[in-house]
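Subject: Structure for you to look at

Hello,

I am handing over the structure we spoke about. Please open it first, and then read the notes under it.

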Amino acid sequence: MKQRILAATLALAAASSPALAEDSVFVGHLVDYTGPTSFVSKFYGPGVRDAVDYINSTGGIDGTKIEMETIDYAYKVPQAIANYKKWKSKGMIALQGWGTGDTEALIGFVAKDKVPVWSASYSGHLTDPTGKNPKTKKPAPYNFFYGPSYTDACRALVQWAAGDAKEKGISDPKFVHTGDNHPYPNAPKEGCAEYATELGLDVLPPVVVPLGPGDYKAQCLTIKESGAHYAYVGNLGGSVISLLKSCNTVGADVTYMGNVWAGDYLTIKAAEAQNYIFPTATPFWDAHADGMDLVYKIADMSGFAKDTKPTHHYIRGVCSAFYMKEAMEWAKANGGITGENIKQGMYVNKAWTPKGLEGVCLPSTWSSEDHRGSTVVSINKGSFEDGAVNIERIAEMTLPRRDDWVGY
Amino acid sequence: MSHVPHPRPCGDFRTTYSNDTSLFRTKVEGRIVYLGIAALLISSFFLNDYYLSQMITIGIYGIAALGLNVLVGFTGQISLGHSAFFGFGAFASAWLNNTTGIPVFLCIPLAGLMTTAVGMIFGIPAARLKGLYLAIATLASQFILQDFFSRADWFSGGAYGSAAEVVNFFGIDLDTDQSYFYLVLFWVVVSFLAVSNLRRSRDGRALVAIRDHYLSAEIMGINLTRYRITSFGVSSFFAGIGGALYAHYLQYVSVEGFTILLSIQFLAMIIIGGLGSVSGSLLGAAFILLLPQFMESSVATFVEYFKIIEIWILSIFQEAETALSIATEHARTIEQGKAYIKEMSVGAVIILFLIFEPEGLIHRWRLIRASWKLYPFSH
Amino acid sequence: MNWDLLFQLLINGIIVGMLYGVVAMCFVLIYKSTQVVNFAQGEFLVLGAWVCWFFVLKWQLPFVLAFIFAMAFMTIFGILVQMIVLRPLIGEPIISVIMVTIGLSIFMQALMNWVFGNSAESFPKVFGDETVMIGGLQVEMAYLMSLVLSLLVMGLFYYFFKFSRYGLAMRATAFNQQVAQSLGISVKQVFAMAWAISALVSCIAGVVLGLVNTVSNSLAIIGIKVFPAVIVGGLDSIIGAVIGGVIIGVLENMAEFFDGQFLHIGNLYTVAPFYVLIIILMIRPYGLFGTKDIERI
């Protein structure tokens, strides 16, 4: 028995001693496990985390380890900025960010400090690196994200809605934006409404729905009475579940179109939603794609998928981490891993996918003029039927890269 | 209030009124304060950025807590909306600087004055209220101001918040912790000196009289409405200064920073520090700000030992490998609860202090000092 | 003017307001008999809902049984809170009492976040998908059940205070603690009882809200909405609290109506009650139906 105890203690010592690689780079990682967006961050955050662990266990960035510190900032912007400053003094060279509020607040800081950020905020405001569009508030040269921007996804949904309305014979389709008065739901509000008007949809005044669960019958009655046919859902998680449930009770006959974070099998299941439309930029967890093997391997290492099936937001996190990894590899081969070089590394290839993730991450292109990685949006329809969630892909929209759409 | 807030310890011999109202109770106390300030002045050369940033935040929150102490500790009014005024100061300073281009170091006191005005406006309905009704009215002002911040795009940048420039002092950018520390230290000294002096003036005694018994105070000729509104104004002034310092330290202001939770934290600071005690405000701010970090590190230590002990126990029955994996799993579960333990500790500390030490840290400190002074014949 | 919508929102306001009223009633009950302002009322409600949810989902109990167990649990919880947290503070100034319940609410909020998670969970269907049409508005069965339950609870309250021995003791204590004590009433028992009843009724309100909206920690916001309700209704009137709750419910929905139809400000729904609160306090510093204290030196 004594031997066993000794073995266990030794194993513990081996496991807990920090793997102090001589050569490492420091990366910050913001997550929200306790705040209002924890519903999706609980999947995206581990996606990034596990991917980085996997990268480190397979040799890192050509031998350089990624030292990543994960901090739960509960979706509070001031806390994110305070952490950013702390990390900066520790020599952070890149950041895996999270929300829209904090990422947009940090635009100026990261540009000054030359720290590239891969955010989980897909705000259109992050896509103009030079500020050439007069509508851009602030140029964002160091901001990247994987997938279509919120505005582009909303534009794709609106485009789909216009077609759908024609099919159904609705002569004057009406469109309404719902969401909290908060940077994240607000991000696509203007750009999307403009495009909807362009397509001949009637845009109604937006309806404010708080970013948390609650009883939203009053808001649903407003939506119902306004006669809207298509409602964009700008929130996520509990708020969306409550909204869909309340509106179902009220009997508002509206097609709900969620944003990228508002649609996954958990939301549809909890809300018992019917014909709920939402965009994606990755396959779902049980899809058959070449690159999914690597995703499963990453999840197996941490045992994340052991108990419950992750939502596809996990895969998004993996993509985000792998784009960062490949940009770092280029940087290392071309003058060392610095913020500036990593940024250049993102521009080198056109329509690229990280190695091993083919069919999982969409081929994306970033250039020094345009940070819209991808403008391809898959549109899905999900329903809860007989205790099971059925999701089918109904369309794929490729939006043009219009110059007047950069940055918003 | 049913109890005497600060019973005078024995061995405290003051025979004249001017003795009674002196800034420092003894010469030694005065010397200690001067020495302390001198030590702080040179400390920035020895401390690293982490400690400096902690001291900066303690100073900023300490100023705001001091303001609240004027309102709650001196005047006996309750405010559940202090963080809204703190926020107003932050936005006002950023707004002034962004729109008019007035140098930031002037914007900070100007923001304080603007906040005073707003505080007095909210103080008008509050002047007629007391106790619970006042608490609820200030709670409402918290929500109303918060809503204003998230909607007034011209003033606060709306939901996006607004950028606050770096403080520039005659050509020197105060953008490092080391330089910003001096700015905060300056305001801390000014504010604490001002409030200490307020307390020994006629106005200060009037406020205390209102707290102790407002009817008697009124009969003695103290204008209740005027003094209550004034005390709202004074308290808002310091909240505004604190907020402005906070804004330019973070260089960014967002409505999310100024929730009811922060208002509660301010109240917790002065209760834990000691109601009505000037130095207690700073003590309380330090306690509330350092508590979560202390909890974080102590949870981490606890998890480490817990893991080792659990492995020893488990490996009696199981293979080393399984024991390790089970213990790691458990450790991770506790680790994940860290954020919640930090929050819970704030709530628990408020409850425990109110039950066991209702007069705050400063009271405990006075007891310690008295027993040391009177050794070996302490009572 | 869209009369249909106005009418539907009015009905919705009354129904939701009744629930606010029930919670406000719990709040007033505690305030009236123990002079404690319970800022943790919202957390009590959420805890009740979570416990019931836990019994239904994890222990697989039938709903009615789980509901009864949850009520029993909350009753004991209420007594424990009173004994451990509030008893030491009897006679302390009001700010201490307010702060201790605020501390309690922070503590409970974090603990529930930890134990039950921070996402919204739904109850399995208890009443099926049934909704009832009232004046053109679909209303969930659970809300109707809550209406019936609240009326029942109010009736019981009335009977309890008017006719039962304990009710009389509670009224006497609320009127004057010292006199009550000298007449042989155990003030400690009365206090514990007030907290127990309040926690129990909160549990009912919490479960109903959970059935309709899914259980989540953000339901605790109702605990904040109670304040405008009690200020409107007066802090020492139980009937007033219910009326205040209904007024606030209607007010919110009317705010939504004018906001959505004409003003397009956005979140008038959430702040309107607070503006009304400030205005009422400016005109009547003791609330609409509250009694003015007459003080002597």
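A helix here is a DSSP run of H or I with at least four residues, numbered from the N terminus. The model is a predicted one.

By that numbering, Trp154(B) belongs to helix H7 of chain B, residues 153–156.

Chain B and chain C

Chain B puts 36 residues into its contact with chain C, and chain C puts in 38. On the chain B side, at least two residues each come from helix H6 (131–151), helix H10 (214–219), helix H12 (260–273) and helix H15 (338–356). H6(B) gives the most, 12 residues. Sorted by class, the side of chain B that touches chain C holds 27 nonpolar, 5 polar and 4 charged residues.

Chain B and chain A

Here 22 residues of chain B are in contact with 26 residues of chain A. Helix H13 (278–317) and helix H14 (320–336) of chain B each supply at least two residues of the chain B side. The largest share is that of H13(B), with 6 residues. The side of chain B that touches chain A divides into 13 nonpolar, 5 polar and 4 charged residues.

A helix pair in chain A

In chain A, the axes of helix H5 (residues 150–168) and helix H7 (residues 189–198) come within 9 Å and cross at roughly 25 degrees. Angles under 35 degrees count as roughly parallel, so H5(A) is roughly parallel to H7(A). Their crossing is right-handed. From H5(A), the residues Thr151(A), Cys154(A), Arg155(A) and Val158(A) meet Gly191(A), Cys192(A), Tyr195(A) and Ala196(A) of H7(A). By class, the residues of this contact are 5 nonpolar, 2 polar and 1 charged.

The first helix of chain C

Helix H1 of chain C (residues 3–34) has 32 residues, which at 1.5 Å a residue should span 46 Å; its end C-alpha atoms are 45 Å apart, so the two values agree. H1(C) is mostly covered, with 25 of its 32 residues buried. Gln35(C) follows H1(C) and has a positive phi, near 60 degrees.

Regards

Notes:
Residues numbered from 1 in each chain as written. Chains lettered and ligands numbered in written order. Predicted model: local features only at pLDDT ≥ 70, side-chain atom pairs only at ≥ 80, totals over all residues. Axes fitted to C-alpha atoms, helices over the stretch in contact; angles between N-to-C directions. Parallel < 35°, antiparallel > 145°, perpendicular 65-115°, else oblique. Left-handed = near helix turned anticlockwise from the far one by under 90°. Contact = placed C-beta atoms within 7 Å. Nonpolar A, V, L, I, M, F, W, Y, C, P; charged D, E, K, R; others polar. Expected span 1.5 Å × (residues − 1). Buried ≥ 20, exposed ≤ 12 C-beta atoms within 10 Å, placed from the backbone.
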